[in-house]
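The following exercises concern one protein model and are meant to be worked with the sequence and coordinates at hand. Each task is followed by a solution in steps.

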Amino acid sequence: LRIFKDTTHYYKVAEKLNAEGISVLLVDNVAAYKASKRDVDEEEPAQILWTLEEALKWAKQNGDIAPSSEGSIVGWSRAGLGLIPLANDEDELKKLNIKSIAMFYPANGYEIQLKPKVPVLVMTGGKDKIVKVDDILKHMVAENVTIQVYDDAYHGYDVESLKKGKYYRYIPFISKKHYLLKYDEEAAQESFEELIKFLRKN
């Protein structure tokens, strides 16, 4: 659960959700999948889904989640690779008891057309060059989807540790393009309020 050197962002979001009366199960899908030493040839969307299934199974076995209780998923950036196909899969949603999905600037490298079977909230920045608004509008406009664009916000706009901005390359030292990630206090506050409204409604 690290954003560059920041290891606190997702915990702070969880605490804010807790303060609103919403329980949270944090899942670091990258670290968890790596630690599992799962020996299967599968792409990242399948890895994300497998990790989610295992995390929910563990939480239920541990008594942290009631077996029949429904919940929502909130994901950031690359989590979109797994959450977009999940949103389209009615059987898997029922299996996992997922009632809604919210995504911050979701990656969609496989260009999957979003046709969700549950309510979906997509929030992104108008100046995001990593997950472009045009791509979101091309692949994610659908019934049951709410898209919120914060015009002056960049990728990572809700991450407070990015106040000064941080440039990112897909491949360090090799990629020529630099992409700016930067915190936007107003967009962060508005999107959190939007998230709370969405989770309470759905």
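## Exercise 1: A surface patch

Task. Identify the residues that make a nonpolar surface patch of about 250 Å².

Solution. Tyr11, Val24 and Leu26 make this patch. Patches are built from residues with over 30% relative accessible area and no salt bridge, like charges being joined within 9 Å and nonpolar side chains (Val, Leu, Ile, Met, Phe, Trp, Tyr) within 5 Å. Areas come from the Shrake-Rupley method with a 1.4 Å probe, and for residues only the protein chains shown count as cover. Val24 lies in the loop between α1 (9–19) and α2 (29–36); helices (H or I, at least four residues) and strands (E, at least two) are DSSP runs numbered from the N terminus. With a relative accessible area of 36%, Val24 is partly exposed, where buried means under 20%, exposed over 50% and partly exposed in between (1.4 Å probe, protein chains only).

The model is predicted: local features need pLDDT of at least 70, side-chain atom pairs count only at pLDDT 80 or more, and totals for chains, interfaces and linings use all residues. Residues are numbered from 1 along each chain as its sequence is written, and side-chain values use heavy atoms, with hydrogens and water left out.

## Exercise 2: The surroundings of His155

Task. Determine where His155 is found, whether His155 counts as buried or exposed, and which side chain a polar contact of 3.1 Å joins to His155.

Solution. Step one is the location: His155 is in the loop between β4 (145–150) and β5 (166–168). Step two is the accessibility: His155 counts as buried because its relative accessibility is 5%. Step three is the polar contact, whose partner is the side chain of Ser77. Such a contact is a pair of N or O atoms within 3.5 Å; within protein, one must be able to donate a hydrogen and the other to accept it, and residues adjacent in sequence count only if both atoms are side-chain atoms. Step four widens the view to contacts (heavy atoms within 4.5 Å). Not counting residues up to four places away in sequence, His155 touches Ser77, Tyr105, Asp128, Ile130, Val131, Leu180, Leu181 and Lys182.

Ser77 is buried, at a relative accessible area of 18%. Its phi is near 50 degrees, a positive value in a residue other than glycine. Most residues other than glycine have a negative phi. Asn97, which is not a glycine, likewise has a positive phi, of about 60 degrees; its place is in the loop between α5 (90–96) and β2 (98–104).

## Exercise 3: Core and enclosed helix

Task. Which residues touch the most other members of the largest nonpolar core, and how many of the nine residues of α4 are buried?

Solution. The largest nonpolar core has 47 residues, of which Leu86, Ile101, Val120, Tyr157 and Leu195 touch the most other members. Helix α7 (residues 185–201) supplies the largest share of this core, seven residues. A nonpolar core is a set of buried Ala, Val, Leu, Ile, Met, Phe, Trp, Tyr and Cys residues joined through side-chain atoms within 4.5 Å.

In α4, seven of the nine residues are buried, so the helix is largely enclosed by the rest of the structure. Leu86 is one of these buried residues. Leaving aside neighbours within four places in sequence, Leu86 is in contact with Leu49, Leu52, Ile73, Glu92, Leu93, Leu96 and Ile101. The cover over the buried residues of α4 includes α3, β1, α5, β2, β3 (120–125) and α6 (133–140).

## Exercise 4: Salt bridges

Task. How many salt bridges are there, and which parts of the chain does the pair Glu44 and Arg78 tie together?

Solution. The criterion is a side-chain nitrogen of Lys or Arg within 4 Å of a carboxyl oxygen of Asp or Glu. By this rule the count is eight. One of them joins Glu44 and Arg78 at 2.5 Å, N to O. Glu44 lies in helix α3 (residues 44–61) and Arg78 in the loop between β1 and α4, so the pair ties together parts 34 residues apart in sequence.

A further salt bridge pairs Lys95 with Glu53, the closest N and O atoms being 3.5 Å apart. Lys95 in helix α5 and Glu53 in helix α3 are 42 residues apart. Lys95 counts as exposed at 54% relative accessibility, whereas Glu53 is buried at 19%.

The salt bridge of Glu90 and Lys94 spans 3.6 Å, N to O. Both residues, Glu90 and Lys94, lie in helix α5, four residues apart, about one turn of the helix.
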